Amino acid sequence: MEPFDFISPSSIEEAVKTLASSGDQARILAGGTDMLVQMRAGRRTAPLVVDIKGIPELNVMSYDASKGLTLGAAVPCYRIYQDATVATAYPGLIDSAFLIGGIQIQGRASIGGNICNAAPSGDAIPAVIALGGVCNVTGPNGTREILCEDFCTAPGRNALENGEILVSISIPAPQPNAGANYLRFIPRNEMDIAVAGVGSAVQLDASGQNFVSARIALASVAPTPVFAKEAGDSLAGKAVSEEAVQQASELAMAAAKPISDMRGTIRQRTHLIGVLTRRTLNNAIERARGG
Amino acid sequence: MTSNQVLSEVEYDVVGKRPVRPDGVDKVTGRAQYGDDTNLTGTLRAKVLRSPHAHARIKFIDTSKAEALPGVRAVITAKDLPFASLSKKELGGEYTSLKFASDHMMASDKALFKGHPVAAIAAVNAHVAESAMALIEVDYEVLKPVVDVREAMQDGAPLLHEDLRTNDMGETGEKPSNVATHMSYSIGDLDKGFAEADLVLEKEYTTSTVHQGYIEPHNTTAFWNSDGQLNLWTSTQGSFQVRGTVASILRLPVSQVKVTPMEIGGGFGGKITAYLDAICAVLSKKTGAPVKALMTRTEVFEASGPAPASWMRVKIGVKNNGKMTAVETEMAMDAGAYPGSPVMQAIVCAFACYDVENGKVDGYDVVDNKPKTAAYRAPGAPQAAFAVESLIDEICAELNMDPIEFRLLNAAKEGTRRIEGLVARRIGLVECLEVARDHDHYKSKIDGPNGRGVACGYWPNRGFQSSVVMTVNYDGVVSLLMGSVDIGGTRASIAQQTAETLGIGYEDVKPTVVDTDSIGYTFITGGSRTCFATGLAAINAAEDVKSQMISRAAKIWDTNEDDIEYVAGVVQHKSDEELKLTFKDLARQLATTGGSVSGRASVDPSGEGNGYAVHIADVTVDPDTGKTDVTRFTAVQDAGKAIHPSYVEGQMQGGAVQGIGWALNEEYFFDDSGKMMNPTFLDYRMPISLDLPMIDTVIVEVANPGHPYGVRGVGEVAIVPPMAAVGNAVSAATGNRMRSLPITPGKILEADWENGKS
Ligand SMILES: Cc1cc2nc3c(=O)[nH]c(=O)nc-3n(C[C@H](O)[C@H](O)[C@H](O)COP(=O)(O)OP(=O)(O)OC[C@H]3O[C@@H](n4cnc5c(N)ncnc54)[C@H](O)[C@@H]3O)c2cc1C
């Protein structure tokens with residue numbers, strides 16, 4: 001690992017200014033659980049490391065039953081799942097926060113970092129996309145909102161421009177009779193990279209027998225996490241049934257464009273998307289019904 | 001549920017008990033001194049520049065820019081090793097072995113695997129050394145690599161060593177080849193045996209390259225003193241082994257090298273070869289300063305010694321009643337860059353569980369562009385057992401026969417002649433099979449997506465040289481010095497055998513692992529030999545102490561030594577009941593009767609007791625994803641005598657766990673250029689605690705007649721059966737017969753698809 005300079009700005013303005021003037025010489029550090037590993041392995045060099053954990057807005061976690069959740073980009077996973085209100089409101093998000101690494105990693109790793117790292121396998125990203133999450137970004141030209149499904153642009157690349165930082169993620173308030181779930185497939189039971197992952201969110205009508213809407217997103221089956229819009233939309237207005245779930249899973253499989261590598265083949269990954277879509281939809285339905 | 005149990009044959013006072021380990025407090029409080037804790041004043045840090053290519057000719061190396069970097073103290077290449085300045089003529093018959101050993105440590109003409117050392121740097125700190133690596137210019141002529149054992153055997157495969165010719169049963173091959181050796185054994189009449197069979201099955205099996213995965217990476221500190229003495233502090237399974245390798249590569253007399261073995265964070269066979277020692281030594285000589293090197297995990301994966309990948313064909317003939325009539329196998333294992341795979345052990349162990357009249361085994365030791373393989377627990381035997389025990393499971397299914405009854409019918413016993421010609425002494429396979437058959441695990445019901453598999457395994461265990469010295473202190477405490485590195489509880493188990501022999505308390509024995517100048521030659525901690533052979537040395541040294549204690553008493557009582565006996569820690573006159581001294585009381589009088597008493601012994605025993613194990617595995621396979629979970633596992637093993645049952649159980653559980661990893665997920669992935677794609681614990685998937693059930697153990701004690709307490713080795717045979725046990729369980733659960741390791745979820749799904757399931 002090469003020596004680097006380190007600064008820890010205490011405001012968004014200071015961070016943006018530093019980043020804008022340093023260009024590609026600077027790298028943002030949140031929990032560091034991706035960044036430091038990449039630097040030590042020589043996959044990334046960073047003459048200047050900008051630690052954003054000291055900025056108050058990035059540590060905010062505020063929930064309001066009507067406005068939803070504002071999750072500061074640097075909030076570590078353990079804070080999310082230890083907050084009883086947030087955990088009750090967004091079990092689909094907690095699925096991801098629990099999956100990322102083990103206890104030690106969860107003490108540092110942030111959802112913001114997971115999204116910005118833009119790995120096709122990032123376990124929080126499909127969950128946030130399924131929940132309709134929005135990324136709040138600030139840069140030299142002010143603030144803007146980017147839909148989570150538009151945020152990742154290529155493996156390890158995101159939509160941020162020079163000088164921009166992800167400040168927080170907004171997740172809409174949970175609707176009545178709604179439920180969500182994220183599952184990934186790994187050969188071991190923990191500490192692994194998703195061979196395939198699926199996040200599903202559904203809203204049912206008051207009877208719990210019909211879909212109002214649904215969103216499905218996929219991990220590890222394309223250069224970026226995939227928003228399988230057609231798969232989710234196919235459920236809107238339909239009665240909850242095995243056929244409807246099956247049909248949505250087939251559309252999700254069609255949206256998957258995986259490659260074969262040491263972690264899995266095209267056929268295996270596509271097959272797993274089908275399995276996981278059915279499982280996450282069924283779990284989401286159960287949660288929506290209060291199960 | 002039953003958990004760990006010991007089926008004891010004889011009760012002793014100290015042997016067979018579970019005292020706290022002498023090194024325990026230091027280890028749990030973080031005070032134990034491992035290799036990386038060696039910090040001599042002025043130590044430089046070394047980094048090794050490694051070949052990015054799996055196969056390349058090294059045309060030239062320019063180190064001048066690196067040498068010019070401030071903070072860099074020395075750079076070496078293979079030119080700095082003695083081999084470079086020795087001629088073929090001078091070396092004579094030693095030429096090839098020295099070239100291989102020296103080149104393995106640092107490549108002279110060719111890089112033969114990705115990660116092969118080509119240069120090394122000593123600098124004021126590791127960061128400077130790392131920066132300097134980028135400044136070394138190496139001109140490579142990249143060659144086509146071969147990383148598959150069968151491809152490497154083909155005519156026209158890229159050749160690693162232009163002058164390597166096959167040693168085919170003593171005859172040297174005509175043209176260069178990657179097949180270093182072909183070996184063969186046979187017994188009886190194979191054709192007759194197969195002709196007598198009612199059922200003959202023949203299948204092929206493959207296994208992948210796997211790593212031992214010890215938690216502590218290799219490390220060394222070397223200091224070449226100006227008086228010519230070379231000191232090494234290192235993590236190794238064998239300090240004398242390191243001394244021998246370094247002395248031979250550096251052309252030094254062994255006594256000029258002193259190796260201090262530090263505490264070791266795992267080895268499993270992988271810490272026998274010396275990788276960094278000679279490199280640090282040469283850098284230390286050049287700089288006059290101590291030099292320390294640590295491998296990263298990636299270096300460990302890419303450039304230490306994994307276990308070989310294998311291809312195996314097995315053919316077995318049986319009568320309808322299950323009696324085996326003939327067995328045959330051909331096994332090829334890749335040795336990596338230099339010859340020396342454990343294929344010989346593989347073919348010898350393959351059928352050692354069975355009493356069969358007719359058999360033939362052939363083995364091929366093959367070089368390819370992978371790191372040179374090293375020992376890994378029962379080297380060669382786990383692969384062989386996977387093939388043989390899987391085929392036997394298929395035979396049992398065809399015959400509709402219980403797999404344990406089948407094995408009992410055919411089990412090797414005392415007097416069984418094995419394929420390599422040796423006749424088995426008293427062994428405990430039948431006892432292990434009976435315990436497994438009667439275990440409530442085996443009797444419990446299993447169905448649904450679950451499956452159960454059983455398999456057995458054999459490992460000969462080793463003897464070899466060990467030395468022990470023990471001194472009686474005036475307070476009655478015995479200082480016990482040994483050359484055996486303590487990996488799995490050696491201090492405790494040797495202290496127990498010492499205490500038992502002397503009839504004193506375990507807490508009155510103080511064991512220390514010492515350096516190569518402080519004890520006689522002691523072979524590695526490996527081969528499941530240490531508790532047996534070093535234990536025997538300790539027993540003999542204790543007997544030496546006892547006879548000296550008797551002569552001291554004779555002096556005190558002014559009587560004849562023959563009138564004195566040593567019984568359970570008390571020295572007493574045979575006829576005069578008044579004359580009696582406990583070991584402690586007599587120790588207090590040593591100072592006035594001639595000084596301290598030291599006992600010593602060096603042994604090279606041949607009475608090692610063969611090890612057998614039987615494993616039962618239950619699995620659940622997710623029918624949608626192909627993922628296997630091991631839900632219950634019982635390991636039964638003949639320990640001869642479990643000196644410290646907890647450490648025996650630990651070995652059995654550890655072997656089973658490593659075997660489960662080997663069975664399900666562990667493998668090296670290579671890309672087309674021969675580069676390992678997964679050299680991290682993230683992608684080299686060893687099982688984590690969540691992937692494992694409690695491993696239940698049953699220790700069977702069928703005493704080894706070759707050891708006073710009946711000890712057999714226990715460290716290795718535990719990894720022999722698990723792959724087949726798990727594979728057989730997967731087959732029972734899914735109907736898919738898996739003949740290629742690891743049995744990944746992807747392979748299970750593919751097998752489903754091939755069988756028409758979707
Ligand atoms: C042992 C281990 C296990 C892991 N297991 C998992 C797992 O199961 N699933 C999974 O998905 N990941 C896993 N990871 C990866 C990692 O922990 C997660 O991706 C984590 O969420 C990253 O968050 P972080 O805060 O540590 O990000 P960092 O490493 O600090 O940053 C990640 C990237 O995002 C950028 N960045 C961070 N914050 C911002 C911001 N506010 N604005 C702009 N850019 C920013 C950084 O510059 C960097 O490029 C694991 C890592 C380790 C070491």
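## Strands, ligand and loops

Colleague: Which residue stands opposite A:Asp64 in strand 5 of chain A?
Modeller: That's A:Gly68. Keep in mind that this is a predicted model: local features need pLDDT of at least 70, side-chain atom pairs count only at pLDDT 80 or more, and totals for chains, interfaces and linings use all residues.

Colleague: How many bridges pair strand 4 with strand 5 there?
Modeller: Four, linking residues 61-64 to residues 68-72 of chain A in the antiparallel sense. A hairpin of three residues takes you from strand 4 to strand 5 of chain A. Strands (E, at least two residues) and helices (H or I, at least four) are DSSP runs numbered from the N terminus, and two strands pair if DSSP finds at least two bridges between them.

Colleague: And the rest of the numbering?
Modeller: Residues count from 1 along each chain as its sequence is written, chains are lettered from A and ligands numbered from 1 in the order they are written, and side-chain values use heavy atoms, without hydrogens and water.

Colleague: What's 2.6 Å from the side chain of A:Thr33?
Modeller: An oxygen atom of the ligand, with the distance taken to an N or O atom of that side chain. A:Asp34 also has a side-chain N or O atom 2.6 Å from a ligand oxygen. For A:Leu99 a polar backbone atom is involved, at 3.2 Å from an oxygen of the ligand. A polar contact here is a pair of N or O atoms within 3.5 Å; within protein, one must be able to donate a hydrogen and the other to accept it, and residues adjacent in sequence count only if both atoms are side-chain atoms.

Colleague: How much of the ligand does the protein cover?
Modeller: 89% of the 980 Å² of accessible area that the ligand has on its own. That's from the Shrake-Rupley method with a 1.4 Å probe.

Colleague: Over to chain B. What's the order of the sheet with five strands?
Modeller: The order is 1-29-28-27-19, in an open sheet with mixed pairing. Strand 1 (5-7) and strand 19 (450-459) of chain B each have a single partner strand, so one side of each has no neighbour in the sheet. On average, neighbouring strands are turned by 15° against each other, direction ignored. For such angles, axes are lines fitted to C-alpha atoms (for helices over the stretch in contact), and angles run from 0 to 180 degrees between N-to-C directions.

Colleague: How many bridges join strand 27 to strand 28?
Modeller: Nine, and the two strands of chain B run antiparallel. One detail: B:Ala613 has B:Gln637 as its bridge partner.

Colleague: Which helix lies across strand 19, strand 27 and strand 28?
Modeller: Helix 20 (residues 722-734) of chain B, running at about 160° to strand 19. Contact means heavy atoms within 4.5 Å.

Colleague: Last one: where is B:Pro742?
Modeller: In the loop between helix 20 and helix 21 (745-754) of chain B. A cis peptide bond joins B:Leu741 to B:Pro742, with omega about -5°.
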